[in-house]
Amino acid sequence: MTQQNPQIAPRRALLATRAARWATRQVGQGRPVSDVAAELGCCWSAVNQSVLVWGRGLLDADVERIGATNAVGLDETLFCREGRYRRKEWRTGIVDVSGGKLLDIVAGRTAAAPAQWLLDQPQSWRDGVRWAALDLSGPYRATLDTALPHADQVADPFHVIRLANNTLDEVRRRVQNQTLRHRGREHDPLYRSRKLLLCAHETINTAAEAKLLNLLEAGDPHGEARNAWHR
């Protein structure tokens, strides 16, 4: 005869309530699931399932965890690779930019999930958001246009710099091909300048700047790469 006692463990739970709560607290403090499973003498999946169940309950109960903010940010993250062909699974992080903390993670990197998350928040909370940071992607612009139309959209500096560096690289490679009729080689002036071109100007000393200018003088006859660098 089998008896069940919900005070010891919920129905179909793999760990007792006391063990599951302890494991959730340990993982929440940063310990790997595998370490907690080894200490309890059980499998990884048993601890992970318990952490998901109890962690979801803690999040649902903590209604004050989001708090008011005047700036939010959206950014994509490669969460994992699944299946035989290692299919990429993306997630969107929603961040309190002013407070410097992660608010939530939603599935995918399209406009639908983050827009729904923002619309699920109280109107007073959304009205308090004055700025929204994003990575220049179309879906995230659509998200903010839908859920926070009053907020000023600000491009993430990291992505702006990356876009500028990519453009500068494209100009350098084009000039290289037009002037020497081949891709960059070890002794080509423009190829030798590629790393210096991408350095922030305040990090370049006098000798490095002189070297860069000499390389541009030798490999950039019409000043196209130099103009792209200055801009």
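Start with strand 4 (residues 131-134) and strand 5, which pair in the parallel sense over 4 bridges. Two strands count as paired if DSSP finds at least two bridges between them. Helices (H or I, at least four residues) and strands (E, at least two) are DSSP runs, numbered from the N terminus. Select Ala133: Val154 in strand 5 stands opposite.

Before moving on, note that this is a predicted model, where local features need pLDDT of at least 70 and side-chain atom pairs count only at pLDDT 80 or more, while totals for chains, interfaces and linings use all residues. Residues are numbered from 1 along each chain as its sequence is written, and side-chain values use heavy atoms, with hydrogens and water left out.

Strands of a sheet pair through backbone hydrogen bonds, either parallel or antiparallel.

Move to strand 2 and strand 3. They run antiparallel, joined by 6 bridges. Select Thr92 and look across to Val106 in strand 3, which stands opposite. Then follow the hairpin that strand 2 and strand 3 form, with 4 residues between them. Stop at Gly100 in the turn, where phi is positive, about 65 degrees.

**Helices across the sheet**

**Salt bridges**

Show the charged side chains. A salt bridge is a side-chain nitrogen of Lys or Arg within 4 Å of a carboxyl oxygen of Asp or Glu. The count comes to 7 salt bridges.

Select Arg109 and Glu76, whose side chains meet in a salt bridge (3.3 Å, N to O). Arg109 lies in the loop between strand 3 (101-107) and helix 4 (112-120) and Glu76 in strand 1, so the pair ties together parts 33 residues apart in sequence. Arg109 is partly exposed at 36% relative accessibility, and Glu76 is partly exposed at 29%. The cut-offs are under 20% relative accessible area for buried, over 50% for exposed, and partly exposed in between (1.4 Å probe, protein chains only).

Go to helix 7 (residues 157-180). Arg172 and Asp169 are 3 residues apart there, about one helical turn. Their side chains meet in a salt bridge (3.3 Å, N to O). Arg172 is buried, and so is Asp169.

Select Glu82 and Arg87 next; their side chains meet at 3.9 Å, N to O. Glu82 is partly exposed, with a relative accessible area of 37%.

**Last stop**

Finish at Thr203, in the loop between helix 9 (194-197) and helix 10 (206-219). Thr203 is exposed, at 57% relative accessibility. Draw a distance to Leu119: the C-alpha atoms of Thr203 and Leu119 are separated by 43 Å, and the two residues are 84 apart along the chain.
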